[in-house]
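Here are a few notes to read alongside the structure, for anyone opening it for the first time.

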Amino acid sequence: MFRPEREETEKTLFYIGLAAAGVFAAAAGLSRAAGMSEEWRAFFFACPIYVKTGYYCFGCGGTRAFTAFFSGHFGKSFLYHPAVFWGLSYFLLFMGSRVLNVLSRGRTPNVRFRTIYVFIGIFLLLVNFFVKNWLHFRTGIDILGMI
């Protein structure tokens, strides 16, 4: 059943998503225009938890997953950080369906926001954290170093 408050929430999420996409695009453009080298970006985005403890944090691999995703390396993106892959995939589907709906004047359906999608992302985040750290410390496999 359709609820007007739900449509208003999804419209707000759409506008927040547009703003976030604009900010990320501007930041990426500025870092490239400023000539920021890959080494500098790696230093700038180094995880302080990993540097200090040797353990991966919940976000380790996220920047590489983001970069791999938008470079078209979807398998690498998933291996680097499955929650980032999941979130970006849903974000693009959600935003794309909204843009198509606006351009078609309401003739195409929107992808709906469901709370279960957030829980799937949290589940992937937790599994990623525990599997990478278990592999790293129990078996000596540094999965991020292998990709």
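Contact here means heavy atoms within 4.5 Å. Keep in mind that this is a predicted model.

1. Let's start with helix α7 itself, residues 115–139. α7 has 25 residues and spans 35 Å from its first C-alpha to its last, close to the 36 Å expected at 1.5 Å a residue.

2. Which residues of α7 are buried? They are G121, L124, N128, F129, K132, N133, L135 and H136. The buried residues of α7 pack against α3 (48–53), α5 (74–80), α6 and α8 (143–146).

3. Now for one of those partners, α6 (residues 82–103). Two packed helices are described by the angle between their axes and the distance between the axes. For α6 and α7, the angle is about 160 degrees and the axes are 8 Å apart. That makes α6 roughly antiparallel to α7, since angles over 145 degrees count that way. The crossing of α6 past α7 is left-handed.

4. Who makes that contact? On the α6 side it's P82, A83, W86 and Y90, and on the α7 side Y117, I120, G121, L124, L125 and N128. Sorted by type, the residues of this contact of α6 with α7 come out as 8 nonpolar, 2 polar and no charged.

5. Finally, have a look at H136, which sits in α7. Is H136 buried or exposed? H136 has a relative accessible area of 18%, so it counts as buried, the cut-off being under 20%. Setting aside neighbours within four places in sequence, H136 is in contact with Y50, G54, Y56, I141 and D142.

Key. Residues are numbered from 1 along each chain as its sequence is written. This is a predicted model: local features need pLDDT of at least 70, side-chain atom pairs count only at pLDDT 80 or more; totals for chains, interfaces and linings use all residues. Side-chain values use heavy atoms; hydrogens and water are left out. Axes are lines fitted to C-alpha atoms, for helices over the stretch in contact, and angles run from 0 to 180 degrees between N-to-C directions. Helices (H or I, at least four residues) and strands (E, at least two) are DSSP runs, numbered from the N terminus. Angles under 35 degrees count as roughly parallel, over 145 as roughly antiparallel, 65 to 115 as roughly perpendicular and the rest as oblique. A crossing is left-handed if the near helix is turned anticlockwise from the far one by less than a right angle, and right-handed if clockwise. Ala, Val, Leu, Ile, Met, Phe, Trp, Tyr, Cys and Pro count as nonpolar, Asp, Glu, Lys and Arg as charged, and the others, Gly among them, as polar. Buried means under 20% relative accessible area, exposed over 50%, partly exposed in between (1.4 Å probe, protein chains only). The expected span of a helix is 1.5 Å times one less than its number of residues.
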